[in-house]
Amino acid sequence: MEALLYIKGDRVLKTGGSFEATGTIVAAFNNTSGDARYVMEFDVPPGMLHIYTANQLRVLPPQAVTEPCPHCGRKFTTVPLDQIGVPE
């Protein structure tokens, strides 16, 4: 059974693939094969849920700031790239 690297409430960045997004881990579990899976609730659009593996996620550091865009009002998160952590 794969160890769980993230816990409920962790703020994360989804990386890779065709997009990046920020959100909060709302569930962490092992599937029937024993692989770790994480449900991330997106910041934008609010409430959207996706299931990811650990290698698709990175911890957002405390310095990350989520704020509304001054032009459109949509939320975005800023963080220095060298501050994005990988779970240990």
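**View 1. Phe 19 is partly exposed, with a relative accessible area of 34%.** Partly exposed falls between buried, under 20% relative accessible area, and exposed, over 50% (1.4 Å probe, protein chains only). The model is predicted: local features need pLDDT of at least 70 and side-chain atom pairs count only at pLDDT 80 or more, while totals for chains, interfaces and linings use all residues. Residues are numbered from 1 along each chain as its sequence is written, and side-chain values use heavy atoms, with hydrogens and water left out. Lys 14 lies over the face of the Phe 19 ring, 4.0 Å from the ring centre. A charge sits over a ring if NZ of Lys or CZ of Arg is within 6 Å of the ring centre and within 35 degrees of the ring normal.

**View 2. Five strands form an open, antiparallel sheet.** The order of the strands is β4-β3-β2-β1-β5. At the edges are β4 (49-52) and β5 (57-59), each of which pairs on one side only. Strands (E, at least two residues) are DSSP runs, numbered from the N terminus, and two strands pair if DSSP finds at least two bridges between them. β3 and β4 run antiparallel and are joined by four bridges. Tyr 38 stands opposite Tyr 52 in β4.

**View 3. The structure holds two aromatic pairs.** Tyr 6 and Tyr 38 form an edge-to-face pair, with 5.1 Å from centre to centre and 90° between the planes. This pair links distant parts of the chain: Tyr 6 is in the segment before β1 (11-14) and Tyr 38 is in strand β3 (residues 36-42), 32 residues apart. Tyr 6 counts as buried because its relative accessibility is 0%. Tyr 38 is also at 0% relative accessibility, so it counts as buried. Phe 19 and Phe 42 form a tilted pair, at 6.3 Å centre to centre and 35° between the planes. Here too, distant parts of the chain are linked: Phe 19 is in the loop between β1 and β2 (21-30), and Phe 42 is in strand β3, 23 residues apart. Phe 42 counts as buried, at 4% relative accessibility. Rings of Phe, Tyr and Trp (its six-membered ring) pair if their centres lie within 6.5 Å; planes under 30 degrees apart are stacked, over 60 edge-to-face and the rest tilted.

**View 4. Tyr 52 is a buried residue in strand β4.** The relative accessible area of Tyr 52 is 5%. Leaving aside neighbours within four places in sequence, Tyr 52 is in contact (heavy atoms within 4.5 Å) with Lys 14, Phe 19, Ala 36, Arg 37, Tyr 38, Met 40, Phe 42 and Leu 57. The C-alpha atoms of Tyr 52 and Met 40 are separated by 7.4 Å, and these residues are twelve apart along the chain. The side chain of Tyr 52 also makes a polar contact of 3.0 Å with the side chain of His 50. A polar contact is a pair of N or O atoms within 3.5 Å; within protein, one must be able to donate a hydrogen and the other to accept it, and residues adjacent in sequence count only if both atoms are side-chain atoms.

**View 5. Asp 43 sits in the loop between β3 and β4.** Asp 43 has a relative accessible area of 15% and is therefore buried. The Asp 43 side chain makes a polar contact with the Arg 11 side chain at 2.9 Å. Another polar contact, of 2.6 Å, joins the side chains of Asp 43 and Thr 22.
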